[in-house]
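Here is a short report for a reader new to this structure. Look at the sequence and the model, then read on.

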Amino acid sequence: MKKHLSLIAFAFFISTILLFDSAFAAVSEGCEIFEIKAGCDLSGWMKVIFAAAIGGGLGILLHTLSHRTNLKLERNHEQLKENTEQLKENSIAIQKILDAQEYSSNRRRDYLLASTKSSFNAILLRLGMMNRIVLNKENIDTDDQYSRLELEEIAIHAIIEKVRHTTSLAVDILDPMLATQIDNLFTFIEQLSPSKNKEKLEFSEYDDVKEKIMHMRDRLEEFVITKQVLK
């Protein structure tokens, strides 16, 4: 397009000289039309020739500059296209990494929730054993009751310590409010100790703590994301 404009401008330049330069054919006396020497003015034709040469040179220069500009624009366009494709590929790769990290985080959280739920089941089983010991349906002696209760309490505290350690390493994936509720329930369970009441064995808090644990198990299920079987 720029090439055509240059040619049109050149043609307009030549036409202007031919139409409006009335002296284009005039020659000084004693001089030839195409003669160049001292005392001889340039004839109209020589002016046309010089103008044509200058116009042609300008046209070639403009064409060369236009060609170089077009090549540069094409290279920039190709580079921009390559950069766009590369950016698109990088965006896809980054999104895949983010998706993989999110999936891994969800799997870790689900594993932690399943492990914590299993621990609560184990604690509930131990508490049930403690309740049976207090009720003494097996007609065992009091000292044996105390010994068995203490063993169950030690086992429960070990489970709680293990879960607390695990949750402390997973603060980045566990809901803070849920973590607080779990820890509060553990604190409540740790304070249960029928074996410390030497005058009379009783476990009146059993039904309450059992209900709290079962409620917490349901809460843990609400936070499961992947709903897949953990392996």
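## The cavity and its lining

H3 supplies the largest share of the lining of the largest cavity, with three residues. The model is a predicted one. H2 and H3 each give at least two residues to that lining. The largest cavity holds about 30 Å³ of space. The structure has one cavity of 30 Å³ or more.

## Helix H3

Does the length of H3 agree or disagree with its residue count? H3 has 27 residues, so at 1.5 Å a residue it should span 39 Å. Its end C-alpha atoms are 39 Å apart, which agrees.

An α-helix has 3.6 residues a turn, so residues three or four places apart point the same way.

## Two glutamines

Gln 145 is found in helix H3, while Gln 191 lies in the loop between H4 and H5. Which is buried and which is exposed? The table gives the values.

| Residue | Relative accessible area | State |
|---|---|---|
| Gln 145 | 5% | buried |
| Gln 191 | 61% | exposed |

The cut-offs settle it: Gln 145, at 5%, is under 20% and therefore buried. Gln 191, at 61%, is over 50% and therefore exposed.

What does Gln 145 touch, leaving out residues up to four places away in sequence? Gln 145 touches Ile 133, Val 134, Asn 136, Ile 140 and Leu 201. As for Gln 191, its C-alpha atom is separated by 10.0 Å from that of Glu 153. Those two residues are 38 residues apart along the chain.

## The nonpolar core

The largest nonpolar core has 32 residues. Those with the most contacts inside it are Phe 120, Ile 123, Leu 127, Phe 186, Ile 189 and Ile 213. Helices H2 (44-135), H3 (142-168), H4 (176-190) and H5 (206-222) are the elements that give two or more residues to this core. H2 gives the most, with nine residues.

Take Phe 186. Beyond its neighbours within four places in sequence, Phe 186 is in contact with Phe 120, Ile 123, Ile 160, Val 163 and Arg 164.

Technical notes:
Residues are numbered from 1 along each chain as its sequence is written. This is a predicted model: local features need pLDDT of at least 70, side-chain atom pairs count only at pLDDT 80 or more; totals for chains, interfaces and linings use all residues. Side-chain values use heavy atoms; hydrogens and water are left out. A nonpolar core is a set of buried Ala, Val, Leu, Ile, Met, Phe, Trp, Tyr and Cys residues joined through side-chain atoms within 4.5 Å. Buried means under 20% relative accessible area, exposed over 50%, partly exposed in between (1.4 Å probe, protein chains only). Helices (H or I, at least four residues) and strands (E, at least two) are DSSP runs, numbered from the N terminus. Contact means heavy atoms within 4.5 Å. The expected span of a helix is 1.5 Å times one less than its number of residues. On a 1 Å grid over the protein atoms alone, a cavity is a set of points where a 1.4 Å probe fits but cannot get out, and a pocket is an open set with protein on both sides within 12 Å along at least five of seven lines; lining residues have an atom within 4 Å of a point. Grid points are joined across faces, edges and corners, and a volume is the space filled by probe spheres set on the points.
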